[in-house]
Amino acid sequence: MDKFDQQILDILRVNARRSVSEIARDVNLSRSAVTARIKKLEQDKVILGYHADVVENKSVEMVCAYLALKYDTSSSQYHCEAYAETIRRIEGVKWCHAISGETDMMLYVEVPSMNRINQIREVIQAIPDIKQVVTHIVLTEFFNTTK
């Protein structure tokens with residue numbers, strides 16, 4: 001991935017609906033070059049998809065939490081990638097990182113209720129080889145540069 005690919009990704013992160021023409025103009029490449037680069041980024045699984053951030057109900061304040069997962073690493077079936085694909089399908093999980101240290105994976109969850117947090121915990125605890133799920137509820141968000 002070169003500087004042009006990174007510039008294209010930065011533009012798409014801010015607004016995935018930008019036209020290829022606009023992106024091409026911003027990165028000083030031709031439309032066909034940008035189209036080819038975007039297709040390659042999709043094929044290489046750098047771009048996993050496009051989505052709309054939709055406010056479901058402005059009167060509902062979302063409950064945010066971090067879930068720290070520990071796996072039974074003595075199992076021969078331990079594969080973070082397989083767990084990540086299962087976790088990706090859980091509605092409300094916004095991101096999933098494999099991390100170093102005592103925790104194997106960290107999830108960020110944003111849902112409309114504590115009840116939904118508990119439902120997500122139950123789904124995750126049913127995954128084979130999960131040894132522990134520790135939930136950290138967000139009390140206050142001081143800033144978030146990803147929004």
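Q: What relative accessibility does Val134 have?
A: Val134 has 29% relative accessibility, so it counts as partly exposed. Buried means under 20% relative accessible area, exposed over 50%, and partly exposed in between (1.4 Å probe, protein chains only).

Q: What kind of model is this?
A: This is a predicted model, where local features need pLDDT of at least 70, side-chain atom pairs count only at pLDDT 80 or more, and totals for chains, interfaces and linings use all residues. Residues are numbered from 1 along each chain as its sequence is written, and side-chain values use heavy atoms, leaving out hydrogens and water.

Q: Which strand is Val134 found in?
A: Strand E4, residues 130–137. Helices (H or I, at least four residues) and strands (E, at least two) are DSSP runs, numbered from the N terminus.

Q: What is Val134 in contact with, leaving aside neighbours within four places in sequence?
A: Tyr66, Leu67, Ala68 and Arg121. Contact means heavy atoms within 4.5 Å.

Q: Switching to Thr103. Buried or exposed?
A: Buried, because its relative accessible area is 15%. Thr103 lies in the loop between strand E2 (93–98) and strand E3 (105–111). Leaving aside neighbours within four places in sequence, it is in contact with Ala68, Leu69 and Lys70.

Q: And the helices: at what angle do H1 and H3 pack?
A: About 80 degrees, with the axes of H1 (residues 3–14) and H3 (residues 31–43) 11 Å apart. So H1 is roughly perpendicular to H3, a label for 65 to 115 degrees; under 35 is roughly parallel, over 145 roughly antiparallel, and the rest oblique. Axes are lines fitted to C-alpha atoms, for helices over the stretch in contact, and angles run from 0 to 180 degrees between N-to-C directions.
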